[in-house]
Amino acid sequence: MLRVRLLVFNAALGVLDYRVPEGVQVELGAIVIAPLGPRQILGIAWEPERLEAQDVPESKLRPILEVLPVPPLKAELRRLIEWTADYYCAPLSAVARMALGSMAALRGGGTTTEYRLTGVEPKRLTPQRAAAMDALHGEQASIRELAELASVSEGVLRGMVGAGLLEAITVDLDKPYPPANPQHNAPTLSEDQRKAADRFVDAVKANQFTPFLLDGVTGSGKTETYFEAVAAAIEDGKQVLVLLPEIALTENFLRRFEERFGVAPIQWHSSLKASERRRAWRAIVKGAANGGAQVIVGARSALFLPYAHLGLIIVDEAHEVSFKQDEGVRYNARDVAVIRARYEKAPIILASATPALESMQLAEAGIYTKIELPARFGGAQLPDIQILDLRKDVPDKGRWIAKPLVAQMQARLERGEQSLLFLNRRGYAPLTLCRNCGHRFQCSHCTAWLVEHRFSQRLACHHCGHEEPVPDACPECSAKDCLVACGPGVERIADEVAEIFPEARVALITSDTMNSPEAIAEFVAKAENKAIDVIVGTQLVTKGYHFPDLTLVGVIDADLGLEGGDLRAAERTYQQVAQVAGRAGRGEKPGEVLIQTRHPEAPVIAALAAGDRDAFYDAETEARRDAGAPPFGRWAAIIVSSEDMAEARDAARAIGGTAPDLPDMLVLGPAPAPLSLLRGRHRFRLLINARRSAQLQKIVRAWLGPLDFPKGVRVHVDVDPYSFV
Ligand SMILES: Nc1ncnc2c1ncn2[C@@H]1O[C@H](COP(=O)(O)OP(=O)(O)OP(=O)(O)O)[C@@H](O)[C@H]1O
Ligand SMILES: [Zn+2]
C-alpha cells in the first residue's frame with residue numbers, strides 16, 4: 001500500500017490521506033503518527049472505501065511518521081466504531097478515541113516511576129509537608145497524581161523526594177496478571193441456576209452471537225449463574241467483559257469474583273491511576289493468555305477497548321439508566337454492548353431483576369433469549385410489601401418517617417436486625433429559603449435550586465457542581481438566622497433517625513459519603529458485621545448488596561420519581577422500589593417493605609404492592625404503544641445551547657424552521673429546555689418522535705448538515721434519550 005487513509009483524532013479534520021514510506025507496512029487498523037502542519041497527529045488506518053476524504057493527488061501526500069508498536073484495531077472494532085458514530089450521530093473520531101483509553105500505553109510498555117512515603121518521620125515539618133504526609137499514607141502514584149491527592153504542589157513533593165521522605169519505585173507496565181482459576185471455588189448450583197448456566201456455557205463454547213436476557217428475581221443468584229459462563233470463557237482462553245453501571249458496585253463485585261476465581265479481575269474506570277490504566281490497556285490488547293487480561297470489569301468506557309479476543313459480555317443491572325452517557329458521545333452502553341457482541345460473534349448476558357421494557361420487548365419478539373430465575377436462592381422468600389398512605393398516616397411536623405414505619409424500625413432494633421431507608425435525594429434539603437423575605441437560593445449558572453449539604457456545610461448545585469458556603473444572613477434582605485430547609489434529603493432522614501433512636505448506629509450512604517473504594521469496602525464490612533443498625537441511602541444502596549440480617553426496607557417517598565413528566569418515570573420508580581425492596585429478607589429471616597406514598601392508587605404503586613410485575617409491564621407497554629414511545633416508536637432530541645440566550649433561541653428556531661415534513665416523523669419544539677440554564681449556557685430543545693420505520697439518523701444528518709451556526713452555539717443530537725431536561 002502506497003497510500004493510507006487515516007481516521008484522525010480531530011473531529012474537524014476527520015479523514016486524511018497520507019503516503020506510506022518505502023519499506024513500511026501499515027495494516028488496516030494500525031495506529032499511526034502523521035504530520036499535520038508543524039504538529040503531529042494520531043490516526044487509525046481505515047478501509048479507504050468506507051471513509052470519504054478529500055481527493056489529494058499522490059504527489060502532494062505527506063508521509064506518515066511512525067506506526068505505533070501496538071496491534072492494529074480489529075475489523076470487528078472498526079465496524080463497531082462506525083456503527084456507534086452512525087447510530088448516535090456522533091463524530092467517528094470521538095467514538096474511536098474511546099478505544100485508545102491510554103495515550104501513554106500506545107508508546108509501548110516498559111517501566112514507569114511512582115513514588116511512596118519512605119516511612120521516615122522527621123521531627124519538624126512544614127505545614128504543607130505535614131499535610132502531604134497525612135494524605136499520602138498507603139498511596140503510591142506519580143508525582144502529579146500524589147500532588148492532586150494531597151492538594152499540594154508538585155514542587156512540595158519533589159522537595160520531599162530530595163529530603164528522603166518519598167522514594168521512587170519502578171513499576172513494570174507489562175507485569176503479567178495472575179491467571180484466574182475457573183475451578184477455584186465453584187458453587188453447587190440450584191436446578192434453575194444449573195439450567196440457565198448450561199445455556200450460557202453452550203453459547204460461549206459455540207462462539208456465536210447469542211443475546212440473553214437473564215431475568216431473575218432479587219437474590220436469585222444471577223451472579224453465581226453467569227460466573228459459570230465466565231468460567232467457561234476463561235477455560236477456552238477467551239476474554240470476558242463485565243459492565244457495571246457504577247463504580248460503587250465494583251467493590252462488591254471484585255470481592256465476589258475473587259472468592260469464586262481466586263484472583264481479582266482487571267478494572268477499567270475513570271479513577272484508575274495512569275500506570276494502572278497503561279498496564280490494563282496493554283494486557284487487554286495482548287489477550288487472555290500469558291498474563292494478559294482475562295476478565296475486565298468496568299464502567300461503560302470499557303466497552304470500546306481493543307480486546308484481543310472477546311468471548312463473552314455481561315451487562316449486570318442492565319436496566320440501569322447510568323449505562324446511558326449524556327455527554328460527549330451520547331450512547332447507551334447496554335445497547336452498544338449487544339452490537340459489539342454481534343460483531344465479535346460472542347454471547348451477551350443482560351442481567352436484571354427489573355429488566356428495561358425495551359429488553360423485555362426484544363425477548364418477547366424472540367430476538368433475545370429470556371432465561372428466568374423465578375425464586376430466591378436457598379429458599380429465601382421475596383419480601384412482603386405494604387403501602388403506607390401518607391395522607392392517613394401523617395408524620396409529625398418536620399418529620400418524614402410515618403409512625404408505622406418507626407414502629408417497624410423499633411422492632412428491628414429490638415431483634416438486632418437491620419433496616420434500610422431509601423430516599424433518592426442527596427443532601428439535607430432540596431430547597432432553602434429565607435423566612436423573612438422568601439428568597440430562594442438558586443444556582444447562578446443553572447435553572448436549579450441549591451441543595452443544602454449539612455455534611456459539608458455548603459449549598460450545592462447538583463447539575464454543575466457549583467458550591468457556596470451557607471451564609472449567616474439572607475443575601476436579599478440581610479436578616480440573620482432566617483434560613484429554612486424545605487423538604488427532606490437523605491441527610492435529614494439520617495438526622496431524624498438519630499433523633500428517634502439515639503442509640504441506633506446509622507450509616508448514611510450517598511455519593512457524597514461513598515466516594516472511594518475504601519469507603520465502600522468499610523461500609524460493606526460494617527454492615528455485614530452488624531456494626532450498622534440503620535442504613536439511610538440514595539439509589540446507591542438499592543442494588544447489588546446482600547446483607548442477610550437486613551429485614552426491613554422503608555421507601556420514604558415513592559412519589560418522588562413520578563414527578564417531572566419523564567417518559568420513563570413509572571418504569572424507573574418501579575425498578576428503584578423493586579430493587580431496594582429486594583435488599584430485604586435475603587437470608588433466613590423474612591423481609592418486609594413499607595412504601596410511603598400519597599398516591600397509593602397510581603398503577604405503578606399498586607403493582608408494587610400487589611407484587612404483580614406482569615401487571616406493571618403490561619400496563620406500561622400499552623401506555624408506550626399508545627404514545628408511540630420506545631420500544632414502539634423512537635425519540636431523538638436536539639439540544640441547542642449558547643451562553644447568549646438570543647443566539648441559542650435563534651439557532652433553535654432556525655433548526656425548527658427547516659424541520660422536514662414527513663409522514664413518519666413528528667418534530668416538537670423548539671422550546672426552552674426544562675433546565676433552561678445549565679453551566680451558564682442557555683438551552684433549547686427539539687424533540688423528534690418517529691415511527692420505527694423512519695430513517696431517523698439519516699434524516700437528522702441531512703437536516704442539520706447544511707445549517708450554519710454562530711461559533712458560540714452548540715448543537716447536540718441525543719438518539720434514544722433518557723434525560724428530558
Ligand atoms: N448456588 C449458590 N451457592 C451458594 N450461594 C449462592 C448460590 N447462588 C446464590 N448464592 C448466594 O445467594 C446470594 C444472592 O445471590 P446474588 O447476589 O447473586 O443474587 P442476584 O440475583 O444478583 O440478586 P440482586 O439482583 O438482588 O443483586 C449471594 O450471597 C450468593 O452468594
Ligand atoms: Zn448549577
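**Notebook: annotation, ligand shell, backbone**

I started with the UniProt record: its unreviewed entry annotates residues 203-373 as "domain: Helicase ATP-binding". UniProt positions follow the numbering used here, feature names are shortened, and annotations may be inferred rather than shown by experiment. I note that this is a predicted model, where local features need pLDDT of at least 70, side-chain atom pairs count only at pLDDT 80 or more, and totals for chains, interfaces and linings use all residues. Residues are numbered from 1 along each chain as its sequence is written, while chains are lettered from A and ligands numbered from 1 in the order in which they are written.

I looked up the span 203-373 next: its end C-alpha atoms lie 18 Å apart, with 37% helix and 22% strand. Helices (H or I, at least four residues) and strands (E, at least two) are DSSP runs numbered from the N terminus.

Then I turned to ligand 1. Its shell holds 19 residues, and P187, T218, G221, K222 and T223 come nearest; a residue is near if its C-beta atom, placed from the backbone, lies within 6 Å. Helix α8 (residues 222-235) gives the largest share, 3 residues. Ligand 1 lies between domain 3 (191-378) and domain 4 (380-425 + 488-621), because both give residues to the shell; the bounds come from an automatic or database domain assignment.

Last, I checked the backbone. Most peptide bonds are trans. The bond from P630 to P631 is cis, with omega near 5 degrees, and P631 sits in the loop between α18 (613-627) and β26 (633-642). G669 and P670 are also joined by a cis bond, with omega about 10 degrees; P670 is in strand β27 (residues 665-678).
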